[in-house]
Amino acid sequence: MLASPEPKGLVLFTKESFELIKQHIAKTHNEDHEEEDLKPNPDLEVGKELPFIYGNLSQGMVSEPLEDVDPYYYKKKNTFIVLNKNRTIFRFNAASILCTLSPFNCIRRTTIKVLVHPYPFLLTSTFFQLFILISVLIDCVFMSLTNLPKWRPVLENTLLGIYTFEILVKLFARGVWAGSFSFLGDPWNWLDFSVTVFEVIIRYSPLDFIPMLQTARTLRILKIIPLNQGLKSLVGVLIHCLKKLIGVIILTLFFLSIFSLIGMGLFMGNLKHKCFRWPQENENETLHNRTGNPYYTRETENFYYLEGERYALLCGNRTDAGQCPEGYVCVKAGINPDQGFTNFDSFGWALFVLFRLMAQDYPEVLYHQILYASGKVYMIFFVVVSFLFSFYMASLFLGILAMAYEEEKQRVGEISKKIEPKFQQTGKELQEGNETDEAKTIQIEMKKRSPISTDTSLDVLEDATLRHKEELEKSKKICSLYWYKFAKTFLIWNCSPCWLKLKEFVHRIIMAPFTDLFLIICIILNVCFLTLEHYPMSKQTNTLLNIGNLVFIGIFTAEMIFKIIAMHPYGYFQVGWNIFDSMIVFHGLIELCLANVAGMALLRLFRMLRIFKLGKYWPTFQILMWSLSNSWVALKDLVLLLFTFIFFSAAFGMKLFGKNYEEFVCHIDKDCQLPRWHMHDFFHSFLNVFRILCGEWVETLWDCMEVAGQSWCIPFYLMVILIGNLLGLGGLRKLTIMVEEEAGMSFFTLQQQGEVQSEGGVSPL
């Protein structure tokens, strides 16, 4: 069963309670007990705020060891918690084993206070976390620089000292190895410790390991993940999804291996077939050169090239394969296409080609190469591979990801359903108690303020109490009472009977269905006029579009004026769509006033916002936009995680391959100039990683293998492709789930807004 959410209360963690916990755990190990089925309470996880049903946090309990309020940890794991001023939960192991100090040791208590001390303006972060995060961000900035300043060693030593101080604080506060909440119980601490120790050893080693040091230091970018609880939780969910995908990954590798072996049997050596020039002077010399002279076949000028092509024309010996022009014969000579990296001559390269085909990167060129070299009948092979891997396997991946997300969602939902009713009941009781106390306090204050005789009835006191509570509720509103008085005086126009009749007449016109239909037609026509713009335009077209813009601005301005008359200024600006319409109108008027001012052509771009006016009359469009906006806000952790991964990959690639591109640039360019896509600096490395995630990676991989070799380039590219696609597919699935959930909620919200707008449009107050 789940841990009972009934509040246990906050109690200081003392030596007596420590002994009681140890005795209880020893007893449960010796006896079978129902508590073996206890599970952690998700509302009491590390990093969350302690619910108020567990009592008030006194000043003497802040940053002090407390007994764990979660029965699962209290009865089974021998832990204690520490709360800071923001009631954020930090959990520590209490066992004093393996170089772990006692929970009552002054050194450990001091380091715990350093670890949990909150930052005043960030409720979810501690000062220690913020300090480390700023250090990591500074380190990231300097990692992205190619030309480092002279004081770089000072900065590196300072950052190394900060990271060492972080490790020491965590070691003293959490202990070396005392359980899941100790220093080595967190895998992210393993990463920090490994990189720091590696940097210290290399920095003070007599050998020159500077390139290796710069590459290893890029792992510090990943420290951003454990410093953000949302990113850390998201990584845990993705790892859970990855475990679910292990079976699909093994199945994919199995089929890739089978088709690689089939490809080797069908196309081994075929991609070396080229059109070779046949000498006409001596037939015997020709035969000798063809069979015995290796230098003749390596001369590239003897191959046939199509105009503008980098590689020689491929050919085949079948009738349906590519044929050579007159004076050339088809022979197996030279290297394979694409700098020798596209072939089926071995299992590894065949597997690489099949992976490229599965990823659908530059597949049409591969089709043409095989069809020219082997024949058109082998198109069947590529159709089967493309259908199996590009569509079936991709659908299988998405299906497994969807199942993993649904399981996680159901698990959290079941836990919330079992825990939430008791929490709500306790919360209601707490709220009722607070309201009772507040009412008593108000009554006491009223008695003190006014000298009431003993004959005064209690009803008068209660009426005064209710009035006082109403005043308190009014004061809690966003706007002050002065603003409401100002609005009633100046923004609600009830001047005279004639004006009220005019307002009623305008209200009937502007709220009529035919008026809405007319406005919808105007919006659609305005969009059509915007699509007619092109370059260059004739004077007649330009004049027509300008006149149309004036007409539409006039119509939208008249709509705004009539609605303000019908609804009062106060009621008009209470509706979000009316505020948007007024912004469109003001933009159009400002654009007309600044039409002849130089540099104001950018204002024309905002005309495209007029299409969103359709959302007011198109509920489906409005629901979709509402759902997408709410979903993107909820996906902020995933977007931040994806950006962190791209930044890390770009910095890692620059440190790993940057010098190789500079030293061996002549291998990929005859003029020894860096190509457009390279990783010599951070900017181009970032663009290259982004291109890899977009699915176009094989051409830049060929250049990378030319300058840096296959042993580093292939693993780096596979890491970026696989992890990037996992993040992308996971985000796509999560976005789909959130849009589905938000769509229903948005529908009811829009219905309520529509009822309020239709019923209360004329009299807003």
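**A loop and the helices beside it**

Analyst: Gly615 touches Trp577, Phe621 and Gln622, when residues up to four places away in sequence are not counted and when contact is taken to mean heavy atoms within 4.5 Å. Before going further, note that this is a predicted model, in which local features need a pLDDT of at least 70 and side-chain atom pairs count only at pLDDT 80 or more, whereas totals for chains, interfaces and linings use all residues. Residues are numbered from 1 along each chain as its sequence is written, and side-chain values use heavy atoms, with hydrogens and water left out.

Gly615 belongs to the loop between helix 20 and helix 21, the latter being residues 619-634. Helices here are DSSP runs of H or I with at least four residues, strands are runs of E with at least two, and both are numbered from the N terminus. The relative accessibility of Gly615 is 0%, so this glycine counts as buried; the term buried stands for under 20% relative accessible area, exposed for over 50%, and partly exposed for what lies in between, using a 1.4 Å probe and protein chains only. Further along the sequence comes Met625, which is 10 residues away from Gly615, and the C-alpha atoms of the two are 8.5 Å apart in space.

Lys613 sits in the loop between helix 20 and helix 21 as well. Is Lys613 buried or exposed? With a relative accessibility of 2%, Lys613 counts as buried. Leaving aside neighbours within four places in sequence, the residues in contact with Lys613 are Ile523, Phe556, Glu559, Phe580, Asp581 and Ile584.

In general, two packed helices are described by the angle between their axes and the distance between the axes. Helix 19, residues 539-572, packs with helix 20, residues 576-593, at an angle of about 135 degrees, and their axes are 9 Å apart. That makes helix 19 oblique to helix 20. Axes are lines fitted to C-alpha atoms, for helices over the stretch in contact, and angles run from 0 to 180 degrees between N-to-C directions; under 35 degrees counts as roughly parallel, over 145 as roughly antiparallel, 65 to 115 as roughly perpendicular, and the rest as oblique. The crossing of the pair is left-handed, a word used if the near helix is turned anticlockwise from the far one by less than a right angle.

Another residue to look at is Glu591, which has its place in helix 20 and is buried, with a relative accessible area of 8%. If residues up to four places away in sequence are not counted, Glu591 touches Leu603, Arg604 and Arg607.

The peptide bond from Tyr535 to Pro536 is cis, with an omega near -10 degrees.

Finally, the whole protein gives this part its setting. Among contacts between residues at least 6 apart in sequence, 71% join residues at least 24 apart. The accessible surface of the protein comes to about 43,800 Å², with 64% of that belonging to carbon and sulfur atoms; such areas come from the Shrake-Rupley method with a 1.4 Å probe, and for residues only the protein chains shown count as cover.
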